[in-house]
Amino acid sequence: MTLMDAAAYEESLRKLNLVVYMFGERVENVVDDPIIRPSMEAVAATYDLLHRPEHEDLMSAVSHLTGNKINRFCHIHQSTDDLVKKSKMGRLLGRHTACCFQRCVGMDALNALSIVTHDIDQKHATSYNRRFLDYLAYVQENDLTCDGAMTDPKGDRGLPPHKQPDPDAFLRVVERRVDGIVIRGAKAHQTGAVNSHEIIVMPTISMREEDADYAISFALPSDADGIVYIMGRQSCDTRKLEEGTMDRGNVSYGGHEALVVFDDVFVPNERIFMLGEYEFAGDLVERFASYHRQSYACKVGVGDVLIGAAATAAEYNGVARASHIKDKLIEMNHLNETLFCGCIACASEGGREPSGTYCVNTLLANVHKQNVTRFPYEIARLAQDIAGGLMVTLPSEADFRSEAVGAWMEKYFKANDDVPTEHRLRILRLIENLTLGTAAVGYLTESMHGAGSPQAQRIMISRYADMAEKQKRARKLAGIDE
Amino acid sequence: MSENVKTIIVKYCGGCNPLYDRVELVRRVEEALSNSVRFTPVGEEKEGDAVLVVSGCHVRCAGTTDLPLLPMFSISSPEELPGLIERIRGMLEGRTPGVMHREDYKIDKNRRK
C-alpha cells in the first residue's frame with residue numbers, strides 16, 4: 001500500500017510517456033514545463049496535505065475494500081459523513097491552491113461507476129461491478145490520480161451520436177475483439193489530464209439503442225498507445241515563461257485543460273465498465289454530474305482567497321474603513337458562504353444506493369451548482385470594484401525591477417505608507433489572476449460550464465422539484481376541495 | 001527528556017475553514033507545559049497518556065473512531081486555551097477534573113451544534 005507524498009507523485013509522473021502537444025510542438029518534459037508545472041503542483045498538494053496531521057482527517061479515508069487508509073480522492077463514499085468531508089476537502093484545497101486541483105473529477109467518476117456498474121449487473125447479469133472493484137483496488141493501492149473524461153466534442157448539438165456527419169464527434173467503439181475493443185473519438189476540456197495516471201471515460205449524454213456503440217465506459221493508463229493530449233490555452237498563460245513571479249498572480253499553483261484524442265486505442269476487457277448498455281448512459285451521466293456539481297465546493301475555497309485578496313487590497317489602498325468597502329466584503333462573504341451551504345446540504349442530504357455507495361442529493365447538488373454559475377462572477381466583480389483599475393493597467397514586473405523606470409513605479413504606485421509598493425502590486429496581480437487571468441478559467445468559466453452548463457442544472461431542478469406535492473399542499477391550505 | 005513527560009496524541013479536524021491557527025495553538029500549549037508533555041500526531045504513536053482533539057470551529061467534525069481509548073481533551077477556539085492548559089496540568093498532577101471521555105465529546109459536540 002503506497003500513500004504517495006508530493007515528491008513521490010511527481011516522480012510517478014516522470015515515469016509516464018504521455019504524448020502532449022502545446023503551441024504546435026510535442027512537450028518532451030511535461031513535469032518541468034513552466035506552463036504545465038503549476039498545475040502539477042496543485043495536484044501534488046492533494047498528496048502533500050494528506051501527510052499533514054492538521055488536514056489528514058479530511059484528506060484521508062478508510063477503504064471499504066481493504067480497511068486501509070487511503071487518499072480520500074480514491075475513496076468510495078460510505079456515509080453522508082464521507083460526502084460532507086468531501087465538500088470540506090474541496091474548500092480546504094481550493095483555499096490552499098486558489099485554483100483547480102484537478103483530482104475531484106476522477107473521484108466523482110469512480111463513485112458514479114461504483115453505483116452504475118452495480119445497477120447494470122442487476123439488470124443484465126454482467127460482471128462490470130466486479131471488474132470495477134478490481135480496478136478500484138488497483139487505484140487505491142497505488143494512490144493514483146484519475147482523469148474523469150465525460151465531455152465529447154458533440155459536433156452538431158441538435159443531432160444524436162449516430163446521426164452526426166462525423167461519427168467520431170462522440171467517442172465510440174470502432175472494433176470489437178475477443179480480448180477487448182478499439183475506440184476512437186475525443187474528450188474535450190479535460191481538467192488535469194496530463195497530471196493523471198489514469199483516464200476514466202464515460203458517455204456524455206443519455207442514449208438510445210441506435211447509439212449503443214457510443215454507450216461505453218472504461219479506464220486506461222493515461223499514456224496508453226494512441227492517446228494524444230493537446231493543451232488548452234489560458235489567458236496570460238505565457239507569463240509563466242517570464243522572469244520573476246509577480247505577474248503570475250499566483251506564484252505556486254495553476255490548473256490546465258486539454259483536448260484528449262483517442263486515435264484507435266485498444267481497451268482490454270477487464271478495463272471495460274459499460275459496453276452498449278445504452279439505457280444506463282443517462283444514469284451514469286446523472287450520477288457523475290451530481291457528484292461533480294457537489295465538487296464545486298472548491299470554489300468556496302478559491303472565493304476565500306479572493307475575498308482575502310480584496311480585503312488586503314483595500315487595506316493596502318488605504319480604504320479598508322470605508323463603509324461601502326466593508327459592505328462589499330460582507331456581500332462577498334454572504335455569497336461565498338451561501339455556496340458552502342449548498343455543498344454541505346447536498347452532502348448531508350445524500351443517501352445510500354443499492355451498491356452501498358452514498359450519493360449526494362441530486363436536487364440540492366444541482367441547486368448548488370446553479371449558484372456556482374452565478375456567485376463567483378459577482379464575487380469577482382466586487383473584488384475588481386475594490387481593487388481598482390490599477391489591477392489591469394499595471395506595468396510589468398520587469399518595469400518594476402528596471403533601473404530606468406522602476407523608481408517611478410515605486411513612487412507613483414505607493415499608497416498606504418506602511419505597505420511596500422511591491423506588496424500592493426502583488427495582491428492586485430492575484431486578483432487579476434483569479435478574475436481574468438489563468439485562474440479565471442477555473443474560478444469563472446469553469447464555474448459556468450464545468451459539470452454542465454447552467455441549463456443542465458435547471459433541467460434537473462425541474463425534474464426533481466416535486467411540483468405536484470407543492471401544488472397539492474397549496475390547494476389544501478387554500479380550502480380547495482379535490 | 002524526563003521519564004515523567006506525558007505523551008498526548010493530537011487529532012486535528014481537517015481544517016476546511018478554521019477560525020484560528022490550530023497548529024500554532026498546539027505549539028502554545030506545548031510551550032506552556034514545556035518539559036511536562038509532548039504532543040504527537042495520531043497514527044504516529046500507539047502509546048500515549050491522553051488525546052487532544054483540536055477543532056477549527058465549534059462544528060467539531062474531527063473523526064474520533066481512530067483514536068486510542070484514553071482520557072480526552074478537546075478545544076475548538078483560542079478562548080478555551082487557558083482552561084485546556086489548566087485541565088492538562090490537572091492530569092499531570094493526578095487530578096482529573098475536565099478530562100473528557102469519548103461520550104462526553106459527542107454530547108458536547110451535539111450541544112454546540
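Modeller: Start with α1(B). What covers its buried residues includes β1 (6-12), β2, β3 and α2 of chain B. This is a predicted model: local features need pLDDT of at least 70, side-chain atom pairs count only at pLDDT 80 or more, and totals for chains, interfaces and linings use all residues. Residues are numbered from 1 along each chain as its sequence is written, while chains are lettered from A and ligands numbered from 1 in the order in which they are written.

Biologist: Which residues of α1(B) are buried?

Modeller: First the terms. Helices (H or I, at least four residues) and strands (E, at least two) are DSSP runs, numbered from the N terminus. Buried means 20 or more other C-beta atoms within 10 Å of a residue's own, exposed 12 or fewer, partly exposed in between, with C-beta atoms placed from the backbone. In α1(B), Arg22(B), Val26(B) and Val29(B) are buried. They fall within an arc of 55 degrees seen down the axis, so they line one face of the helix. The arc is that of the directions from the helix axis to the C-beta atoms. On the other side of α1(B), Glu24(B), Arg27(B) and Glu31(B) are exposed.

Biologist: What follows α2(B)?

Modeller: Gly94(B) does, with a positive phi near 90 degrees.

Biologist: How many residues of chain A are in contact with chain B?

Modeller: Contact means that two C-beta atoms, placed from the backbone, lie within 7 Å. Here 11 residues of chain A meet 12 residues of chain B. On the chain A side, α3 (56-59) and α4 each supply at least two residues. The largest share, five residues, comes from α4(A).

Biologist: And where are the domains of chain A?

Modeller: Domain bounds come from an automatic or database domain assignment. For chain A it gives domain 1 (6-280) and domain 2 (293-465). Their contact takes 39 residues from domain 1 of chain A and 41 residues from domain 2 of chain A. On the domain 1 side, α4 (80-97) and α5 (104-124) of chain A give two or more residues. The largest share of that side, 12 residues, comes from α4(A).
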